[in-house]
Amino acid sequence: MRIRRTLTAAATTAAVTALGLALAAPAQAAEYSSALKIKGVQYDAPGRDSNKCSGGNTKNEYLTIKNYSKTATVNLKGYKVKDAAGNSFTFTKNHTLQPGDQVSLRGGRGTDSDAGNVAYRQNCNFIWNNDKDTIYLYKPGGARADVHSYTKSANDKDGNGYITYHG
């Protein structure tokens, strides 16, 4: 007869720490204390990828960031978005999100608009990979606000190039 022993989470963590090992968790497993979260990403712009500033489709690749607070208005100035390869964009202008409001951060060139809930990276290169990537959102002080990893095969079941994270 076998005797099965079950370790508590605390005992398992202590044993792993004692061995000098680290527990690995998926990037999106942690819930960060931030009103701003990544709502979704259009990681694969519809059509054939073209990063030409004139006539290209980088503006159709976008990240949606939402203010999930019920009471706080958040200014995006100083927030940073980054991918796994280190490509990044920092909001350098004031762009306020009221409670429940969202902004689409688009590739390409354009005019930012609080009223239109849009900001442009002013860069015609694509930032998100079409097969897999990790999206990081950092607060102005450098603390992580949100993070999500995706793979096309696992997270985009309908194949439309858009993934929703926080509803």
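1. Four strands form an open sheet in the order β5-β4-β9-β10, with antiparallel pairing. Strands (E, at least two residues) and helices (H or I, at least four) are DSSP runs, numbered from the N terminus, and two strands pair if DSSP finds at least two bridges between them. β5 (88-90) and β10 stand at the edges with a single partner strand each, so one side of each is left without a neighbour in the sheet. On average, neighbouring strands of this sheet are turned by 10° against each other, direction ignored; the axes are lines fitted to C-alpha atoms, for helices over the stretch in contact, and angles run from 0 to 180 degrees between N-to-C directions.

2. This is a predicted model, in which local features need pLDDT of at least 70 and side-chain atom pairs count only at pLDDT 80 or more, while totals for chains, interfaces and linings use all residues. Residues are numbered from 1 along each chain as its sequence is written, and side-chain values use heavy atoms, with hydrogens and water left out.

3. Within the sheet, β9 and β10 run antiparallel and are joined by seven bridges. Lysine 132 stands opposite threonine 151 in β10. Strands of a sheet pair through backbone hydrogen bonds, either parallel or antiparallel.

4. The chain has two helices and eleven strands. From the N terminus on, its elements run α-β-β-β-β-β-β-β-β-β-β-α-β.

5. Is β1 enclosed or open? Six of its seven residues are buried, so β1 is largely enclosed by the rest of the structure. Buried means under 20% relative accessible area, exposed over 50%, and partly exposed in between (1.4 Å probe, protein chains only). β1 is joined to β2 by six bridges, the two running antiparallel, and leucine 36 stands opposite asparagine 67 in β2. With β11 (residues 162-164), β1 pairs in the antiparallel sense over three bridges; here glutamine 42 stands opposite tyrosine 162.

6. The largest nonpolar core has 24 residues, and Leu63, Phe91 and Trp128 have the most contacts inside it. Such a core is a set of buried Ala, Val, Leu, Ile, Met, Phe, Trp, Tyr and Cys residues joined through side-chain atoms within 4.5 Å. β1 gives the most to this core, with three residues. Leucine 63 touches, among others, Ile38, Val81, Val103 and Trp128, not counting residues up to four places away in sequence; a contact means heavy atoms within 4.5 Å.

7. Of the 167 residues of the chain, 37% count as buried.
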